[in-house]
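Here is a quick walk through one protein model. Have the sequence and the 3D view open as you read.

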Amino acid sequence: RLFVLKGTELFYYKDRADNEPKGVIRLCGASFYFVKSTDKENHFRIKHPDFKIRDLACEDERWLDAWTTCIQEVIDKASKQKEMAGWIYKKDKGGKHGWKKRYAVVDGSGILRYFENPDDLVCKGELNLKDSTFETIGDERDSLKQARRSRASSSGAGGKFLFNIIMANQVRQFYTEGFSDRQKWKACVDNMGALRRQVGESDVVEKGWVMKKGGGSSLLGRKNWKRRYLVLTR
């Protein structure tokens, strides 16, 4: 196989002439180690909690040193920058189809991409986390109690730890099954949200929650107040 490393993703091709990769190995959250193999020289292994173990081997020690150095640097950099990869539940944007389980990946550019399966090549959608804000839904003490109940449960069933990611043009709701997982996403979003937007994107002057009175021709709609997230840009 021909391997090409792009960011934290290791794509592999069946042939050098192929335009599309055959598959991908995601390195964010992965671990790497050498294997003493009796049937294959220059053998190493990439292990990830969401993927099957990948056993790889190089033609010689020179390539083994080059690849292992490169892969380990990528894994270390992703951890330092609080890049993220893992399962998450995403609420349908329109609210009609409930929750969907997605595998989400956030790289150093601040882009969150979500996939139906961990090793899918084509993402279902993406969100720009630059200048975004993480908002916990619910009381933190209740979340801690829920986490303790989940750990104590004989069934091992997870909880539902809700949060919003507030962006300049939209608010999206998510949840994780574990309290610690939500904390990891908070650290990731806080870090990516601090990234400055590229030149040409709108500057946000002010943002926050407001109560908006309904409009339209409906008498009932004009009387109702709705909570909305307001973003004021230059």
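Two strands count as paired if DSSP finds at least two bridges between them. Keep in mind that what you're looking at is a predicted model. By that pairing rule, three strands make up an open sheet, in the order β1-β2-β3, with antiparallel pairing. β1 (2-6) and β3 sit at the edges, each pairing on one side only. From one strand to the next, the twist averages 25°.

A handy place to start is L2, which stands opposite Y13 in β2. Helix α1 (residues 61-80) packs on this sheet, where it touches β1 and β2. The direction of α1 makes about 30° with that of β1.

## R26, a buried arginine

Now jump to strand β3 (residues 23-26), where you'll find R26. Is R26 buried or exposed? Its relative accessible area is 3%, and buried means under 20%, so R26 counts as buried.

What does the R26 side chain meet in there? One partner is E9: a polar contact of 2.9 Å joins the two side chains. Another is the backbone oxygen of D120, which lies 3.0 Å from a polar atom of the R26 side chain. Leaving aside neighbours within four places in sequence, R26 also has contacts that include T8, H48, F51, V105, F115, P118 and D119.

In soluble globular proteins, nonpolar side chains tend to be buried together. Here the largest nonpolar core has 17 residues. Those with the most contacts inside this core are V106, L112, L129, F163, I165 and W185. At least two core residues come from each of β7 (84-91), β8 (99-106), β9 (111-115), β12 (161-166) and α3 (179-193). Of these, α3 gives the most, with four residues.

There is also a second, separate core of 14 residues, and L27, F44, I46 and V74 are among them.

## A closer look at L112

How values were computed:
Residues are numbered from 1 along each chain as its sequence is written. This is a predicted model: local features need pLDDT of at least 70, side-chain atom pairs count only at pLDDT 80 or more; totals for chains, interfaces and linings use all residues. Side-chain values use heavy atoms; hydrogens and water are left out. A nonpolar core is a set of buried Ala, Val, Leu, Ile, Met, Phe, Trp, Tyr and Cys residues joined through side-chain atoms within 4.5 Å. Buried means under 20% relative accessible area, exposed over 50%, partly exposed in between (1.4 Å probe, protein chains only). A polar contact is a pair of N or O atoms within 3.5 Å; within protein, one must be able to donate a hydrogen and the other to accept it, and residues adjacent in sequence count only if both atoms are side-chain atoms. Contact means heavy atoms within 4.5 Å. Axes are lines fitted to C-alpha atoms, for helices over the stretch in contact, and angles run from 0 to 180 degrees between N-to-C directions.
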